Amino acid sequence: MSRFANALAERQPDPGGRRWVFVPYDQLTDGIGVLVRSEPSDVGIVLVESPWKGSRRPYHRQKLALVLANLRHFALEQAERGVAVRHVVARGPYRTALEPLARELGPLAVMRPAERELRADLAPLVRSGGLVEGPHEGWLTTRAEFEASQPKGPPWRMDAFYRHVRRRTGLLMEGARPVGGSFSFDAENRRPWPGEPAAPTPPIFAPDEVTCEVGELVEKHFGDHPGELDLGSLPATLDDANRLWRWAREACLTDFGPFEDAMSRASSGLFHTRISGLLNLHRLLPARVVAEVAAMDIPLASKEGFIRQVLGWREFVHHVHEATDGFRDLPGGAPPVAGVPGDGGWSRWADRAWPGTGVAGGLDGGACPSALDTGRSLPVGFWPDRPTGLGCLDRVVADVWREGWSHHITRLMVLANLATLLGVAPRELTDWFWIAFVDAFDWVVEPNVLAMGTYGVGPLMTTKPYVSGAAYINRMSDYCADCAFDPRSDCPIASLYWAFLDRNRDALESNPRMGIVMRSSAKRSERRRRRDRGVLEWVWSVLDGGDRLTPAAAPRHLEEE
Ligand SMILES: Cc1cc2nc3c(=O)[nH]c(=O)nc-3n(C[C@H](O)[C@H](O)[C@H](O)COP(=O)(O)OP(=O)(O)OC[C@H]3O[C@@H](n4cnc5c(N)ncnc54)[C@H](O)[C@@H]3O)c2cc1C
Ligand code: SF4
């Protein structure tokens with residue numbers, strides 16, 4: 001028997017006479033739903049561990065460990081307080097494990113899963129009555145609120161939604177007016193980080209025997225999966241979650257706002273809170289973090305900035321995902337859907353096919369919109385230990401495979417920016433993010449990458465593509481100081497940016513938010529445009545070959561005219 005099974009058996013109460021609830025892997029809380037309203041002795045929970053799900057994509061080992069360690073500790077914590085726990089391992093889709101349990105225990109209650117992929121898996125069991133779905137009480141806003149905030153329907157805008165929710169909740173409001181006179185202080189929050197105040201160091205956790213066993217299991221059964229496994233940085237118990245959140249409040253939130261967009265070699269996270277993984281598993285509840293930050297005595301720009309991320313962006317992307325059925329139902333028509341999950345380029349990196357789980361359980365590989373009609377493969381340089389020579393990209397990619405995480409601006413303005421400038425297929429980049437990040441689940445990674453990061457669904461959710469050249473990266477980070485290229489002269493990203501604008505002229509010219517840059521692009525001489533295109537083709541050929549870009553090997557196109 002495993003150490004976990006032993007520990008569970010020691011705590012397990014008498015399972016008789018209980019109402020049973022299926023708790024999905026990302027609803028690990030007793031702060032909402034049936035668990036918060038029931039006496040522990042009246043309720044039993046079913047927890048399913050699924051190596052099948054873990055093998056659908058080559059997920060980062062840290063992500064597998066985070067989910068498994070939290071699920072197992074949640075099981076122990078619930079048994080400890082008197083809730084009966086049925087812990088099972090699924091060799092196939094979740095419903096294959098749940099069907100016999102529903103027959104044995106009676107219909108299982110479940111809060112509507114956040115992930116579409118899990119909803120699709122469970123749908124037959126919901127139809128047959130084996131599962132009885134209720135609302136997911138972890139969300140802070142309803143679909144009706146989302147729709148009321150955007151009465152004309154799509155395109156949807158986060159700021160309209162956020163203002164609506166602030167007014168409805170009264171959060172950071174003085175009557176009808178926002179505290180401080182503005183709903184957003186973003187304009188004050190765009191400072192590069194000069195090296196002080198000192199960046200906080202995230203807490204280290206002491207893995208107990210249950211977490212260590214999860215680490216061994218991940219190493220043994222998911223050996224083909226990439227990414228470093230670091231149990232010391234993995235919050236696994238409820239105490240760990242509370243400790244991370246205390247650290248975030250005490251060490252990060254005061255300076256969160258001003259340096260929100262900054263990037264640095266000295267700290268992968270700067271003043272970001274790193275709580276997304278735990279929020280998405282519901283080890284920390286969104287309602288709690290919003291309420292506690294609202295009550296903190298910190299500068300308004302930081303307070304509002306943080307609350308906007310959770311109450312605004314996090315809720316908004318979830319609604320867009322639901323409203324579009326995971327981007328399968330778009331105003332311009334239905335995009336193609338992948339038959340099987342993509343591996344984000346793993347097979348090119350590992351030089352063999354990802355075994356995966358193929359077409360199983362009627363689950364597909366996700367929608368493949370591409371508003372800019374791009375379809376290139378993701379360079380292997382996005383995978384571990386294959387540097388591209390682009391200092392910013394290599395730094396952030398290394399951070400991701402070390403930590404399973406990077407902060408918002410490195411995701412948007414380095415990773416997604418570079419992939420978009422290179423014309424990578426939005427689906428392939430989305431799959432890569434889904435695989436590489438500990439906090440990635442379809443409802444959050446698809447809106448952020450398909451819509452925000454790549455402009456893959458056009459202006460449906462964001463007003464313009466988030467692309468930039470080397471000047472932005474140089475202004476907001478210290479990456480360029482450690483790079484073989486110079487952002488002011490030979491950095492290829494500058495040309496990639498102009499080449500992007502040039503080839504997407506028809507799609508972007510009429511976009512009012514792109515007016516200035518499109519006019520500058522139009523003024524570029526024919527010779528410069530040819531050079532931009534030449535640089536793009538050089539970068540494509542080097543990175544597609546898995547090689548490294550160097551200034552010395554750059555073609556003459558790179559020379560300034
Ligand atoms: C290309 C791209 C991919 C992303 N993929 C994911 C993902 O897979 N999972 C994920 O949780 N977030 C994703 N995000 C959003 C955001 O980058 C992360 O939530 C954030 O970096 C997590 O780190 P943190 O907890 O330190 O966040 P903080 O900066 O401290 O912000 C606090 C919280 O706000 C929420 N939040 C902020 N922005 C967003 C957003 N755009 N969407 C949803 N929640 C948001 C998160 O829950 C986060 O924990 C992505 C963003 C981009 C641009
Ligand atoms: S010089 Fe260019 S490639 Fe190098 S870090 Fe700066 S922006 Fe990135």
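This is a predicted model: local features need pLDDT of at least 70, side-chain atom pairs count only at pLDDT 80 or more; totals for chains, interfaces and linings use all residues.
Figure 1. Pro-197 sits in the loop that runs between β7 (177–178) and α9 (209–221). The peptide bond joining Glu-196 to Pro-197 is cis, and its omega is near -5°. Trp-193 belongs to the loop between β7 and α9 as well.

**Figure 2. Surroundings of Trp-193.** With a relative accessible area of 16%, Trp-193 is buried. Leaving out residues up to four places away in sequence, Trp-193 touches Ala-198, Ala-199, Phe-259, Ala-262, Ser-264, Ala-266, Leu-270 and Phe-271. The C-alpha atom of Trp-193 is separated by 17 Å from that of Arg-411, although the two residues are 218 residues apart along the chain.

**Figure 3. Backbone of Leu-270.** Leu-270 is placed in the loop between α10 (238–256) and α11 (276–281). Its phi is positive, about 45°, although Leu-270 is not a glycine. Leu-270 has a relative accessibility of 2% and therefore counts as buried. Leu-270 is also one of the residues touched by Trp-193.

**Figure 4. Backbone of Asp-385.** The loop between α14 (346–350) and α15 (391–403) contains Asp-385. This residue, which is not a glycine, has a positive phi of about 60°. Because its relative accessibility is 74%, Asp-385 counts as exposed.

Figure 5. Pro-155 is located in the loop between α7 (143–149) and α8 (158–169).

**Figure 6. Nonpolar cores.** The largest nonpolar core is made up of 164 residues, and Phe-22, Phe-306, Phe-382, Leu-415, Leu-429 and Trp-432 have the most contacts inside it. Helix α4 (residues 61–80) contributes the most to this core, giving 11 residues. Another core, of five residues, lies apart from the largest one; among its members are Trp-193, Ala-262, Leu-270 and Phe-271.

**Figure 7. Contacts of Leu-429.** Neighbours within four places in sequence are set aside here. Leu-429 is then in contact with Leu-378, Phe-382, Ala-416, Ala-419, Val-424, Val-449 and Thr-454. Both Leu-429 and Phe-382 are listed among the residues with the most contacts inside the largest core.

**Figure 8. Packing of helix α20 against helix α23.** The axes of α20 (residues 492–503) and α23 (residues 526–544) come within 8 Å and cross at roughly 110°. The two helices are therefore roughly perpendicular to each other. Their crossing is left-handed. From α20, the contact is made by Pro-492, Ser-495, Leu-496, Trp-498, Ala-499, Asp-502 and Arg-503. From α23, the contributing residues are Arg-529, Arg-531, Asp-532, Arg-533, Val-535, Leu-536, Trp-538 and Val-539. Sorted by class, eight residues in the contact of α20 with α23 are nonpolar, one is polar and six are charged.

**Figure 9. Packing of helix α20 against helix α22.** Helix α22 (residues 515–523) packs on α20 at an angle of about 95°, and the axes are 10 Å apart. This angle makes α20 roughly perpendicular to α22. Tyr-497, Trp-498, Leu-501 and Asp-502 of α20 meet Val-517, Met-518, Ser-520 and Ser-521 of α22. The contact of α20 with α22 has five nonpolar, two polar and one charged residues. Trp-498 and Asp-502 also take part in the contact of α20 with α23.

Notes:
Residues are numbered from 1 along each chain as its sequence is written. Chains are lettered from A and ligands numbered from 1 in the order in which they are written. Side-chain values use heavy atoms; hydrogens and water are left out. Axes are lines fitted to C-alpha atoms, for helices over the stretch in contact, and angles run from 0 to 180 degrees between N-to-C directions. Helices (H or I, at least four residues) and strands (E, at least two) are DSSP runs, numbered from the N terminus. Angles under 35 degrees count as roughly parallel, over 145 as roughly antiparallel, 65 to 115 as roughly perpendicular and the rest as oblique. A crossing is left-handed if the near helix is turned anticlockwise from the far one by less than a right angle, and right-handed if clockwise. Contact means heavy atoms within 4.5 Å. Ala, Val, Leu, Ile, Met, Phe, Trp, Tyr, Cys and Pro count as nonpolar, Asp, Glu, Lys and Arg as charged, and the others, Gly among them, as polar. A nonpolar core is a set of buried Ala, Val, Leu, Ile, Met, Phe, Trp, Tyr and Cys residues joined through side-chain atoms within 4.5 Å. Buried means under 20% relative accessible area, exposed over 50%, partly exposed in between (1.4 Å probe, protein chains only).
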